[in-house]
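The paragraphs below go through the helix pairs and then the rings.

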Amino acid sequence: MDASRQPNLDEVEERFVALVEGRLTRDEVDRWAARWVADDELDWDDTSWWALGLLHGIDLPAAESGGYLHDDEQVRAWLAELRKRRAM
């Protein structure tokens, strides 16, 4: 992906897949999404914006437990929901 070009929905979904498969860390995915969420010049479709909103903040800690606010099961459920929305 060209870093100066707005990602398409395939590229957004690939970040979910890479996270679930352990190829990217939560921090890497959060930073990638934050860059796009912060750019007010871009125009997003509803599904892409929804998915980016989930990825931005994916590394939030749950509390002092050391876990994440959104566990791996929830991330997999979001990926499934994204695929469902794409199929509509």
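Helices α1 and α2 make a left-handed crossing, a term for a near helix turned anticlockwise from the far one by less than a right angle, with clockwise counting as right-handed. The model is predicted, so local features need pLDDT of at least 70 and side-chain atom pairs count only at pLDDT 80 or more, while totals for chains, interfaces and linings use all residues. Residues are numbered from 1 along each chain as its sequence is written, and side-chain values use heavy atoms, without hydrogens and water.

The axes of α1 and α2 (residues 26-37) come within 10 Å and cross at roughly 165°. Axes here are lines fitted to C-alpha atoms, for helices over the stretch in contact, with angles from 0 to 180 degrees between N-to-C directions. Helices are DSSP runs (H or I, at least four residues; strands are E, at least two), numbered from the N terminus. The crossing angle makes α1 roughly antiparallel to α2; angles over 145 degrees count as such, those under 35 as roughly parallel, 65 to 115 as roughly perpendicular and the rest as oblique. On the α1 side E11, V12, R15 and L19 meet R26, V29 and W32 of α2, where contact means heavy atoms within 4.5 Å. These residues divide into 4 nonpolar, no polar and 3 charged (nonpolar: Ala, Val, Leu, Ile, Met, Phe, Trp, Tyr, Cys and Pro; charged: Asp, Glu, Lys and Arg; polar: the others, Gly among them).

What does α1 (residues 9-20) do with α4 (residues 72-87)? Their axes come within 10 Å and cross at roughly 155°, so α1 is roughly antiparallel to α4. This crossing is left-handed. From α1, L9, D10, E13, F16, V17, L19 and V20 meet V75, R76, W78, L79, L82, R83 and R86 of α4. The contact divides into 9 nonpolar, no polar and 5 charged residues.

Helix α3 (residues 46-55) packs with α4 at about 175°, the axes being 11 Å apart, and is therefore roughly antiparallel to α4. T47, W50, A51 and L54 of α3 make the contact with W78, E81, L82 and R85 of α4. The division is 5 nonpolar, 1 polar and 2 charged.

Two of the contact residues also form a charge-over-ring arrangement: the charged end of R85 sits over the ring of W50, 3.8 Å from its centre. The term requires NZ of Lys or CZ of Arg within 6 Å of the ring centre and within 35 degrees of the ring normal. Likewise, the charged end of R15 sits over the ring of W32, 4.2 Å from its centre.
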